[in-house]
Amino acid sequence: MGDHPGLSYPDRGATFPDAPLWPASPPGFRRFGTTVTIGRGEGTWTAVRDAVQRWEVKRRSGFTVVPADGGGLEVREGGRYTITAGRGRFAVREPVEVVAVVDTEDRCGFAYGTRWGHPVSGEEAFIVHRDDDGRVLLTLRSLTRAAPAGPWRFLFPFLLLAQLGARARYLRALP
């Protein structure tokens, strides 16, 4: 972890998508984590593993995700993307960077961090994993605080409400 140019917070990788247990978080952030069962078996695992690597949790939740660095849509560490919420004049563009990727036999996912210009500051992770009983699970982790500068800073309480709605959609996005 540590400072990274372009990110709007200092602790790159603080959601630890590769860790089954989430270690302590940096101070000053609202921490959120939850895990839900989304299915069972090899077919479900294969489908959700593929989906999470293509931003489907965000996309199926009503967001548009576009590569901002000339790369493809598939998640890649260091990849920069623009996530758009809303439409038309009410669209909010959120610049992000993938800060960590995990892809093992039983765990797959990524974390993205906010870049300068994002309405909030922090990190969010989407991780799918399976247990020994064949259950396939989705874990969400996020660290959020007000943006360090700009007009969004004053709307932070309202952004937290919007974040609650988005999380509910994330939990229903897979399989």
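This is a predicted model: local features need pLDDT of at least 70, side-chain atom pairs count only at pLDDT 80 or more; totals for chains, interfaces and linings use all residues.
Local features need pLDDT of at least 70, side-chain atom pairs count only at pLDDT 80 or more, and totals for chains, interfaces and linings use all residues. Numbering runs from 1 along each chain as its sequence is written, and side-chain values use heavy atoms, with hydrogens and water left out.

Start with the sheet. Seven strands make an open sheet, ordered β1-β7-β6-β5-β4-β3-β2, with antiparallel pairing. Strands here are DSSP runs of E, at least two residues; helices are runs of H or I, at least four residues; both are numbered from the N terminus. Two strands pair if DSSP finds at least two bridges between them. Who stands at the edges? β1 (30-40) and β2 (64-67) do; each has a single partner strand, so one side of each is left without a neighbour in the sheet. From one strand to the next, the twist averages 25 degrees. Axes are lines fitted to C-alpha atoms, for helices over the stretch in contact, and angles run from 0 to 180 degrees between N-to-C directions.

Now β6. Of its 11 residues, 10 are buried. Buried means under 20% relative accessible area, exposed over 50%, partly exposed in between, with a 1.4 Å probe and protein chains only. Seven bridges tie β6 (residues 120-130) to β5 (residues 107-114). F110 has F126 as its bridge partner in β6, and A111 has A125. The β5-β6 hairpin has five residues between its strands, and G117 in the turn shows a positive phi of about 105 degrees. To β7, β6 has 11 bridges. There, I127 partners T139. That hairpin has four residues between the strands, and G134 takes a positive phi near 90 degrees.

Next, the helices. α1 (residues 41-52) lies across β1, β4, β5, β6 and β7, at about 155 degrees to β6. α3 (residues 156-172) lies across β1, β6 and β7, at about 170 degrees to β7. Contact means heavy atoms within 4.5 Å.

What is inside? A nonpolar core is a set of buried Ala, Val, Leu, Ile, Met, Phe, Trp, Tyr and Cys residues joined through side-chain atoms within 4.5 Å. The largest has 26 residues, and W55, F110, F126, V128 and L174 touch the most other members. α1 gives the most, four residues. L174, beyond its neighbours within four places in sequence, contacts I38, V48, A51, V57, R60, V128 and L138. A second, separate core has 11 residues, including Y9, A100, I127 and L143.

On to the rings. The whole structure holds eight aromatic pairs. Rings of Phe, Tyr and Trp (its six-membered ring) pair if their centres lie within 6.5 Å; planes under 30 degrees apart count as stacked, over 60 as edge-to-face, the rest as tilted. Take W55 and Y112: their centres are 5.6 Å apart and their planes at 45 degrees, so the pair is tilted. The two residues sit 57 apart in the chain, and both are buried. Ring pairs join W55, F63, Y81, F110, Y112, F126 and Y170 into a cluster.

Two charges sit over rings. K58 is over F63, 4.0 Å from the ring centre. R167 is over F32, at 3.9 Å. The test is NZ of Lys or CZ of Arg within 6 Å of the ring centre and within 35 degrees of the ring normal.

Last, S61, in the loop between α2 and β2. Buried or exposed? Buried, at 3% relative accessibility.
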